[in-house]
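Open the model in your viewer and keep the selection panel at hand. The tour goes from the core to the sheet and then to the aromatic rings.

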Amino acid sequence: MKKLSFLFVSMAFLLCFSSCTTEKKQEPQEPQQPCKFNKQTIDIVVNSNDWKFDNQTGQFFYHQDIEELTSNVYNYAEVSVSREYNSKTANAYQVALPETSYHIEYFEEDGETYSVYYQQHVDYIYGVGWIEIFFTISDFYYPSDFMPESMIFRMQLTY
């Protein structure tokens, strides 16, 4: 019994000293500075005749050099692109890319009216110093005189 009592007293003694901590006096902290960041908006205007056709991919594209897309922005910033509709009007709105829109085109042949359903897809890629915007029709069928319409894009750089 003495051995058992000695064991419990020893364990209590060890627990008491192993769980004790000394309280450090904390230095007053300086108020934190608000997070600061830069935001830049770049408007990209693509006129209808600016689009180029790539025969290998079957899509139209527009390439523009953007000096604000530095290697630091490329590596550390948030880059997003939206297409703007009704620009500079009270009804203006933006759609984030990639954008897929659905269309119906009606045509007549031999007195019959037919409809064709298709999708338009607009997307982009960018690298240090440049951006490319792509326009694709879902069935890759473009009449010989077809050109995408003029479009306005807004690139947002947040860093």
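Start in the largest nonpolar core, which has 25 residues. Select Ile44, Trp51, Ile131, Ile133, Phe153 and Met155: these touch the most other members. A nonpolar core here is a set of buried Ala, Val, Leu, Ile, Met, Phe, Trp, Tyr and Cys residues joined through side-chain atoms within 4.5 Å. Next, colour β1 (39-46), β3, β4 (78-85), β7, β8 and β9; each supplies at least two residues of this core. Strands are DSSP runs (E, at least two residues), numbered from the N terminus.

A note on what you are viewing: this is a predicted model, where local features need pLDDT of at least 70, side-chain atom pairs count only at pLDDT 80 or more, and totals for chains, interfaces and linings use all residues. Residues are numbered from 1 along each chain as its sequence is written, and side-chain values use heavy atoms, with hydrogens and water left out.

Now centre on Ile44. Leaving aside neighbours within four places in sequence, Ile44 has contacts (heavy atoms within 4.5 Å) that include Tyr62, Ile131, Ile133, Phe153 and Met155.

Move to the open sheet. Five strands run in the order β2-β3-β8-β7-β6, with antiparallel pairing. Two strands pair if DSSP finds at least two bridges between them. Look at the edges: β2 (52-54) and β6 (99-109) each have a single partner strand, so one side of each lacks a neighbour in the sheet. Direction ignored, neighbouring strands are turned by 30° against each other on average; the axes are lines fitted to C-alpha atoms.

Select β7 (residues 112-127) with β8. Eight bridges join this antiparallel pair. Find Gln120, which stands opposite Ile137 in β8.

Finish with the rings. The whole structure holds 11 aromatic pairs. Rings of Phe, Tyr and Trp (its six-membered ring) pair if their centres lie within 6.5 Å; planes under 30 degrees apart are stacked, over 60 edge-to-face, the rest tilted. Show Phe60 and Tyr142: centres 5.2 Å apart, planes at 85°, so edge-to-face. Phe60 lies in β3 (residues 59-65) and Tyr142 in the loop between β8 (130-137) and β9 (151-158), 82 residues apart. Phe60 is buried at 4% relative accessibility; Tyr142 is buried at 14%.

Then show Phe135 and Phe146, a stacked pair with 6.1 Å between centres and 25° between planes. Phe135 is buried at 1%, whereas Phe146 is partly exposed at 22%. Buried means under 20% relative accessible area, exposed over 50%, and partly exposed in between (1.4 Å probe, protein chains only).

Note on methods. Helix = DSSP H or I, 4+ residues; strand = E, 2+ residues; numbered from the N terminus. Axes fitted to C-alpha atoms, helices over the stretch in contact; angles between N-to-C directions.
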